[in-house]
Every structure is written in structure tokens, then in C-alpha cells.
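Please open the model in your viewer and keep the selection tool at hand. The stops below are meant to be followed in order.

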Amino acid sequence: MSEITLSVNGETHKLDVDPSTPLLHVLRNDLGLRGPRFGCGLGQCGTCTVLMNGTAIRSCNRPVSRATGEITTLEGLSADGELHPVQRAWIDEQVPQCGYCQNGQMLTAKALLDDNPSPSDDEIREGMNRVLCRCMTYYRIQAAVKRAAITMAGGEGDR
Amino acid sequence: MRDERASGHRDARAAWRPTEDDHEFPTEIVRAMAPWDGSTSRRDFLRTSGLFVLGFSGAGVAGSAGLVGMGPRGSEQQPASTPTPDPGEAPLYPDPDFLQLDSWLVVHEDGTATFYVGKTDGGQGTGTATRQIMCDELDIAYDQATLVMGRTDMTVDQGGSGGSDAIERDAMAARRVAAEARRVLLEMAAEHFGVPANELAVSDGVISDGSRTITYGELIGGKRFDVVLMGANVNATTGVASVKAVQDLKLVGQSLPRYDIPAKVDGSLEWAVDVKRPGMVHARHVRPPFAGATLAGIDESSVRDIPGFIRVVSKGNYIAVVCEREEQAIEAADRLQAQWEKPGTAPFPSSEDLFDYMRSATPANGGIPASASGRQSARVDGDPDAALATAATVIEAAYDIPFQGHTAIGPAHGVADPSDGQMTVYTNDMKPYSHRTGIAEFLGMPPDRVRVIWMDGPQLYGRTAADDAGFEAAYLAKELGRPVRVQWMRHEETAWDTKGPAFAIDLRGGLDADGNVIVLDYRGRIANYAHLGYNQASTVLIAQLMGIRPERPSPGGGRGPDDMYHIPNRREDTRPVRFPLAFETPLRTGNLRDPNGPQTTFAGESFIDEMAATANADPVEFRLRLLRGATGDDEAHRRARSIAVVEAAAEAYGWDARPSPKTVGSGQILTGRGIAYAYRARTTVATIVDVEVDRETGRVWVKRMVCGHDCGLVINPDGLESTVQGNLLHGISRTLYEEVRFDGEKVTSVDWRTHPTLTHTDTPERIDVVIVNGDPNPGRPDLPPYGAGEPSHRTVPAAIANAIHDATGVRIRRLPLRPQQVLAALAAAEV
């Protein structure tokens, strides 16, 4: 055990944990966050995705000692009770089925759109490709990413 | 948003001690536990209403209850009293009584309502749809109701989920109860106003006699209906009220947004994986490294120095390690040294030898006539052998479908809390009621000391019809005397979850000189011995590893493909095959979405296309001709509705008639189209796909899908469309990628690389779901809804295989179609 300093959703936390502990378990079990979830522990599925300094990373195989930037989880995506345009698009398109993977889908979409505000269909497919969904909501996810892109560009999302 | 009435209601009498932190629950659960009349909790409410019906002095209610008659509980009616649980009494969890209206529906003082149904929603929107139809019958606004699902202590036992019958069967019982509640409320208002009930109007929970109004909340808010319902079983539950005619339903048919989505999007929903209990510890498992291995010893010193280590729990071949923290348990499971002895006999063949093994093995039930075994099936129409002997053309084909995994996106998990001599299990088991009875039996506890609380989790699809982790958590919680959280690792989930069974199917068909199908001979072998079932205490993995065995295995047989084709001579015979290792095997089978449907339909509908090609006929016209071969009506008008979905899909697609395959193109990308049709239960489906086949890489892309779908009355069109989209894409995944592989000692599919799944780049460019109401009596008031959670899934593999044949002229008869398999097939055919 050793003291780790972690910055999550704008708050700084000092924690006494083994520095090799995957970030995911610290976020869930020490900070009580529910957005990132365990899916594979191998970095393959994306269910545990968080943003670190705006980049989508896998928290299941990232030692907490290497979580050195500002971490944003799904809970931190909305500001002052206002949903992020990505989250609004997810509701408008009625994307989730079971919803277990959608944390990773939304955060990956957020990072994608920050990097490329008007992605083509192929860029959306490629950019989202490493986040798996076993309810197979991909079709609606891609529609929601497009809708969010339009909203973030100041336009009206249309169905 | 939190329900205000939930705060501060827990007085000393409330028997909610095991869940002191109930505020952790979602709003609808909090509301469910809110006081009814300022002093009793939902459990007290159910206890009083369910176990001994209390008289209620509210206007009109006693008379109304009398109208319904004295049900089974009627003679037990006693004067009203508020029960005061003994403070030292351990909590008991009696079953809510489905014959009490109060078990299903509560109207609060503010006029809002809470509904209670014994179902679970895997994300297909059955909760939203049930709430819609109950609101419609009760006549309150959709946003004035909440729905609680799947708590054994709070919701009547409707069995949880399975079989896509949530709307077809269970929501109809709930609908009738809501209609009865409306009737009783109108009776109360009639007495209040002194006018006949049939002169009253009701809208959004407000009853009017033309000049005066009174709300549902004013009439009964927070009080019990005390109305006894009728019905031989929960599915038949009804009052005396009639349900509304379909044309009078206002919310049914609207694409109302799913109530569960906002909390899934903003991160606020508490899932079963999120449950934390005071003093909770974490467990992980060590599974046998070889199927059928026997545990010979454990060296606990290999993990004793891990910080937070608590205990190794072992019995038979079951091993769990328990630690204070999750990552500690993961490390301990990784490091624990255990000695295993391999079995003397190979547990199963390798996946490469599987289909040869299945075809050459003696069926599990030997020479017993198939019809006598119950689960096997044989069907003979006409004289297939004579027809095969006289047919102008006979073709044969063999189809192979491997084991496929559920591979849930989140591995199995559960939390069990043994506080106060009871056991509470927090789980995403889709059948919480059998989970509860199974766990009670497994632990040797009275069922009324066990309760199971269903919470959202990763998919259902049959995997959680017998959720192993809940049993494991409960066992460990009992052993340690403190709350335990269990979660499987990815390699466990992929290797040891329940599998959809492999099939080896041989088909022969005969056509006459005019190209008409006169005979079809279907012989299936199914690797489905010792099917897992539903939460039986003798079949879940922990029980099997401990050496517990069911009295007799449950060999899951299967029918041939479900179609309404008129073929005068027909034989279907399906026989299960067993491997040397029948129990504690990672190849244990369980229900996987539309059990057997994708496999049998892949063979059946591929072979129909093979016969169409033999007859040089267009695949759509060929199918329509077979469907029109008979003219008689049938249950649920399946024949007419089959024709309707084939025609609707073809029209929406823009199908032009021609035989398949077309002339093979010369470029790198070959394109083709294919159709498959099927029914499941009373729902009919036809799916048409466009594929692109890359002859250089072997990649198949399903570019477009059109699905003609008839499931009768549609409650929520957008929810239905989402469900069908999921079915179709899941079908692509099973067609192109999914296969469980094993080497004769163990399963070697252990993660997303070795059991791949569909990804974003595989997603079709366009999916059209064409909702058909092919009922020959359109608009009739009793048009019922049928299931939609599975039927369209089964059409996908054959539609894709038929489209690949159309594009390339190559018939693929083994799933999945990973690029290397496609390349090999193209090379073999010199395409």
C-alpha cells in the first residue's frame, strides 16, 4: 500500500492502495463510481473506458500509479446537471439495450468528436471499433454519434 | 431524482433491517418501499395483504371486493390491524399473492401509481411496454407511473424472463389487473358521486360525472384495494373487468422513450455489479485447468501473504479465494497453487473433430423411438422414403453449426448478504424466482428466508436463466457469515459460460419434374446432453463441481426448422449426442437466444435455397409457392402471416425475381442478396440481406438488411425496432464470427480474440425493419401481441449464406464464416 493521488471528475483524492491496482477497481470500489465497469480486464472490450486528459483509455489494465492525468468518468461527462450532447444523443436515439457497455461507447464517442468534430461514417466506424457491444446496438450508436456531432457543431440533430 | 416520500419512513417497525441503505436503490425501488399510509413499508403492505387480507373501511371497496367474490384467501379476512413485527424476528420473505390486486398495483396519495411485475428486462424494453399497457388500462398518464420488476419479496412470481413471452403472456395478466383497478376506482367514484359508474368518464386518473371530479389519489391514495382476483395460475390472473378494445388504447402503439435509458446514460443507475453491503468481501474462482479434472490438493501458502487475504473455500472441485479487496482476490486466484489430476478419458473431442464425432456417435437415447423420449422429436408426414425413390431430382447437403457462447459483455456476478439469518442475493439472473428456490435448496435454507433482488446487468439471452454467480455468492456468504461479492473473470466467462449447442444436420430433398418440392428429410444431431435448465440446485456449475448430480440429465432435443411450407412428404428427426464428460464440463449447454432456432433455420433455409437453385426458381417465389401449397387456416394464422412477411420484405427491399446465383462478377468485391424466412411461436419473420464478399481478404460485410416482422399487436414500435435490430446484428455475429473452440482437454476460447464478436465496422449501412400486421382480420379488437425478443434472430445465418451463394456461387454449409473459412471455400470452388 502507498499513497496515491488521483484527480477524478475535477476532484483530487488521496488514497492508500497498492500502486499496481487497476484504476478501474479504485474508481469503482474506493470512489464509488458506477460508470466504468469490468468487462474483460484485458483492454479488449472497452466497457471500463475513462478519459485521461481527454483521451479514451482502458481503466481495467491501467495501474492506478499510471493514472497521472485528469480522469473523467461517465459521471463527469455532464456539467452542472446538463447532459453532454453525446448523452443527449444517446437518449434521443434510444441507444442502450442492457446498457452495460454504453459507458465505453459514450466516452469513446466524446473523445472521437473532440478530436474530429465532423467524422465521416467510416471514421465513426473506425473510431468506435474497439468498443464492443453484445446487445449489438452499433447501428444506433453510430446514428447517435452523428447526431451528437451535429448538435455540437451548433445544428439541430435530426432523426 | 429521488422520491421524496422515501425519506424518513423507516420507523422501528419496518422490517427492512437488512437493507438499511435502501436509499442506494433506483427511484422506482425507493418508491416501492415507500409508506402506504404513513407507517407500513411495502413489505408490511404485502405481508398484510398477501397473508391475511385486511378489511378496509374505504367507501365502496368492501362491496367491490365482494363482487369479485371470495377468493382462496377470502375466508381468512380479518379486521384491520397494523402488524408490528417482533423487533427480534429475522426477516421473512413470503411470496406476494398474485390473487391480490394490491400485489400488482398501488395508487399513491398524489395520484401516481407503482406497478409490480415478476419479470425482468434485459434492455429490450419489456418494462416500458408493460408500463404503457398498464397505464392505458388504468387510465393514467405514462409519466405518472413507475414499474418495479423482479424482486421475489415484492413482485408476484411471473417466472422472470425467457421465451420472449413478457408481452405476449405476462403483460396481459398485468393489463387485466390494471383494468380491474380502474373498474374498482370507478365503482368507488360512483358511490362518492351517487351516480352509476357507467355515467362517469375517466382521463389521466381523474374521474368526472360531467360536473364534479375526483382523482384516483383522492379515492384510494396510499390505501389498499383489498380486491381478490381470480385465476388458476398467475398467467390467468384477472378481475371481472374487461380489457379495452385495441382501438381504445392510447399509449399502446406509441414509441414512448424507455424509462430505464436516462439512468443508463448519466451513470446514476445502480446495477447488480455496483451493490455494496457493509462488511462485504470479494471472491474469485480457480477453475479446473482441464475439463473433468479432479482437485488433488491446494497450497494455501501460495496466497497467504497477499494483503487482505481471508480464506480459500474449497469443496470437491470448487475453489474460491476470498479477500478484502477485489484486486486482491483477483491476484489470489491467479497465484493459488492447486494440484489437479486429469481424467482418464478425454472429456470431449476437439472442435476440429466435433462434427465427425457427432455424426458417428450413438445417440444418447440409443435406439429408443424418438417420440417416446419426450425431448427428442420425430415427425413423419406422408411417405418420405417412397417420395425420395420416385422424385425426379434428389439433392443432399450437410450443415454444421459449432458451439457458440453467450460471452456476456460483463462476466457473471452477484452479491449475497447473509445478515440476520436470511440470505439476500443481488443479481441479474433473469429468473429471480427459480434463482431463489434453487439457492434456498442448495443452501438448505427455507425459501422464505431467501430473497432475490434482480437488478440490471449485462444482457440476458438465457445466460442468466441459471446464473452461477448468485449461487456461488450465496454459498460463500453462508460460509463466511458476511456479505460476499463474486465476479467471474473474462477467461472463466468465455470458457465456462453456458453454450448454445452444436448441430450436425443432414438434409435430403426431392423435387418433381416441374420443380415442386415433394419430400424433405431432416436428420439432426444436437450436442445438448445435460442441458443446464433453470437454476436447479443440481445443475449450476458450483453444484456440479461439488459432485452434485441431477437424478437424470436433461437432454435437450429439438425440432427441425419452424416453417409453414407445404411439403407432402416430410420427416424430421433430432437426436442428442453426449460426450464422455456430461457434468462439470465447460461445454455445458443452456438456452442461448432463440435456442436452436438459428442452427436449424440455417440448415433449413439454406437447403430451401439449394432446392430453389436446383429448380432454377427465384428464392422468394419458390418460398411463396411452398407457403401457398396449403390453404387451411391455422393457429394464429401463421401461414397467412408467413406469406405476408415474405411479401413485405421483398417489396421493401425491391426484390426483382431471378434465380440465384447470379453471374459471378470479376472485381475484388462480389455482391449478392439472400432471403430466409421462419416463424417462432406465433411470430413470423422474413429477412433479406445484401452482402459484399471480398475475394482477396475473405471478409463478408452484410451491407443492408430488410426484416419483415409480424408479432401481432405492437406496444412500442421504436422498442420493437431496437429489439429486432439487436436480434439481426447478433445473428450476423453468430454467422460470421462466433465459435467455441476446444482441444479435447479444455475450451481454448477464453477472450474476445479467441471468441470474436461483431464490431462497429461490421455494422450494416442500413437496416429496415418492416412491421407487418399480416393478421387476416386487421383491426379486430382482440389482436394479441406475440414475442419479438428472438424470432428475427434465427433468420440471419441462412439469409447471409444464401446471399454469399448468390454473390459467389459457393454454398457455405458450416458456421462461422470468418475470413479464412470464406477464403478456403472460395479457393475450393475456384472462385
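This is a predicted model: local features need pLDDT of at least 70, side-chain atom pairs count only at pLDDT 80 or more; totals for chains, interfaces and linings use all residues.

Select the strands of the open sheet in chain A, which number 5 and follow the order β2-β1-β5-β3-β4 with mixed pairing. Now pick out β2 (11–17) and β4 (55–58) of chain A: these stand at the edges with a single partner strand each, so one side of each has no neighbour in the sheet. On average, neighbouring strands here are turned by 40 degrees against each other, direction ignored.

Next, show β1 (residues 2–8) and β5 (residues 70–72) of chain A, a parallel pair joined by 2 bridges. Within this part of the view, Ser7(A) can be found opposite Glu70(A) of β5(A).

**Helices on the sheet**

**Where chain A meets chain B**

Bring chain B into view. How many residues does the contact take from chain A and from chain B? Chain A gives 49 residues and chain B gives 67 residues. The area buried between chain A and chain B is about 4900 Å², with 53% of it from carbon and sulfur atoms. Select Arg34(A), Arg134(A) and Tyr139(A), which supply 19% of the area that chain A buries against chain B, more than any other three residues.

Stay at Arg34(A) and show Glu270(B): the two form a salt bridge, their closest N and O atoms 4.0 Å apart. Between chain A and chain B the count is 6 salt bridges, and there are 38 residue pairs in polar contact, counting those with both residues at pLDDT 80 or more. To see which elements of chain A give two or more residues to this side, select α1 (23–30), α2 (85–92), α3 (102–115), α4 (121–128) and α5 (138–152). By class, the side of chain A that touches chain B has 26 nonpolar, 13 polar and 10 charged residues.

**A helix pair across the chains**

For the last stop, select α5(A) and helix α18 (residues 717–736) of chain B, which pack at an angle of about 120 degrees with axes 9 Å apart. From α5(A), Tyr138(A), Tyr139(A) and Arg140(A) meet Asp718(B), Glu721(B), Ser722(B), Gln725(B) and Leu729(B) of α18(B). The residues of this contact divide into 3 nonpolar, 2 polar and 3 charged.

How values were computed. Residues are numbered from 1 along each chain as its sequence is written. Chains are lettered from A and ligands numbered from 1 in the order in which they are written. Side-chain values use heavy atoms; hydrogens and water are left out. Contact means heavy atoms within 4.5 Å. Buried area is the accessible area (1.4 Å probe) that two parts lose on being put together, summed over both. A salt bridge is a side-chain nitrogen of Lys or Arg within 4 Å of a carboxyl oxygen of Asp or Glu. A polar contact is a pair of N or O atoms within 3.5 Å; within protein, one must be able to donate a hydrogen and the other to accept it, and residues adjacent in sequence count only if both atoms are side-chain atoms. Helices (H or I, at least four residues) and strands (E, at least two) are DSSP runs, numbered from the N terminus. Ala, Val, Leu, Ile, Met, Phe, Trp, Tyr, Cys and Pro count as nonpolar, Asp, Glu, Lys and Arg as charged, and the others, Gly among them, as polar. Axes are lines fitted to C-alpha atoms, for helices over the stretch in contact, and angles run from 0 to 180 degrees between N-to-C directions. Two strands pair if DSSP finds at least two bridges between them.
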